[in-house]
Amino acid sequence: VPVAVLISGRGSNMGALIAASLHTDFPARIVSVISDKPNAKGLEHARGFGIEAIAIPRADYDSKAEHEAAVIAALDAAGAKIVALAGYMRLLSGDFVTRYAGRMINIHPSLLPAFPGLATHERALAAGCRVHGCTVHFVTEGMDEGPIIEQEPVRVEHDDTPETLAQRVLEAEHRIYPLALAMVARGEVRMTSDGRAQHSRS
Ligand code: GRF
């Protein structure tokens, strides 16, 4: 299944998806990487694997709608059937989300529904959480609100800082994102019309 990855920065989750997709039995292939930031590190990383990687900067367009239209045109040109958001720092419009309903997924660094939004590690520590983690979910209109596909818990250590905790959560992200993408590509999980994730295996 052809997949496009949308990034804004470092692209380590993108890298994990690319690495997994190089295995012959992986059901998805990364055909395109698109960044809204021209200087995103992930673009060079993707090109290193021979993957088409393009910047579509928001600043080049007058409106959010025109920017999204350009992203959609690039996704269509690449033949992407699934869209994976990997540190894409832009809230997508309802039209965009509807177009890819059940075919667009996101990785988030918390055990949703706890801590949607930014600064999740700081907030988990401030709340005294003993367990934190990460979530892959289908993308819906609300930020970090879509139905959950996969999660991995990470224990909080007494001496964790936001940085040390973020590092262990990131390692978990790199494990579950390829797993979740494979589940979606194989049709082992799907988003129902009433907006739930329906798992048919594992
Ligand atoms: C990850 O923590 C991801 O969960 C969050 O943004 C970060 C992106 O990191 N949405 P990277 O660009 O994948 O390295």
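Biologist: Where does His67 lie?

Modeller: His67 lies in helix 3, residues 64–78. Helices here are DSSP runs of H or I with at least four residues, strands are E runs of at least two, and both are numbered from the N terminus. This is a predicted model: local features need pLDDT of at least 70, side-chain atom pairs count only at pLDDT 80 or more, and totals for chains, interfaces and linings use all residues. Residues are numbered from 1 along each chain as its sequence is written.

Biologist: Does His67 count as buried or exposed, and why?

Modeller: A residue is buried if 20 or more other C-beta atoms lie within 10 Å of its own, exposed if 12 or fewer, and partly exposed in between, with C-beta atoms placed from the backbone. His67 counts as buried because it has 20 C-beta neighbours inside 10 Å.

Biologist: Which residues does His67 touch?

Modeller: Contact means that the C-beta atoms of two residues, placed from the backbone, lie within 7 Å. Leaving out residues up to four places away in sequence, His67 touches Ile56, Arg58 and Tyr61.

Biologist: Now the sheet, please. What is the order of its strands?

Modeller: Strands of a sheet pair through backbone hydrogen bonds, either parallel or antiparallel. Two strands count as paired if DSSP finds at least two bridges between them. In this model, an open sheet of 7 strands has the order 3-2-1-4-5-6-7, with mixed pairing. Strand 3 (52–55) and strand 7 (148–155) stand at the edges with a single partner strand each, so one side of each has no neighbour in the sheet.

Biologist: How is strand 4 placed among its partners?

Modeller: Strand 1 (residues 2–7) runs parallel to strand 4 and is joined to it by 4 bridges; Val5 has Ala84 as its bridge partner. Strand 4 also pairs with strand 5 in the parallel sense, over 3 bridges, and there Ala84 stands opposite Ile105. From strand 4 the chain crosses through helix 4 (residues 94–99) to strand 5, in a right-handed β-α-β crossover. Right-handed means that, with the strands pointing away from the viewer, the path from the first strand over the helix to the second runs clockwise.

Biologist: Which strands run antiparallel?

Modeller: One case is strand 5 with strand 6 (residues 131–138), joined by 4 bridges. Ile105 stands opposite Phe138 there.

Biologist: What surrounds the ligand?

Modeller: Here a residue is near the molecule if its C-beta atom, placed from the backbone, lies within 6 Å of it. The ligand is surrounded by 14 residues, the closest being Arg10, Ser12, Asn13, Gly87 and Pro109. Helix 1 supplies the largest share of the shell, 3 residues.
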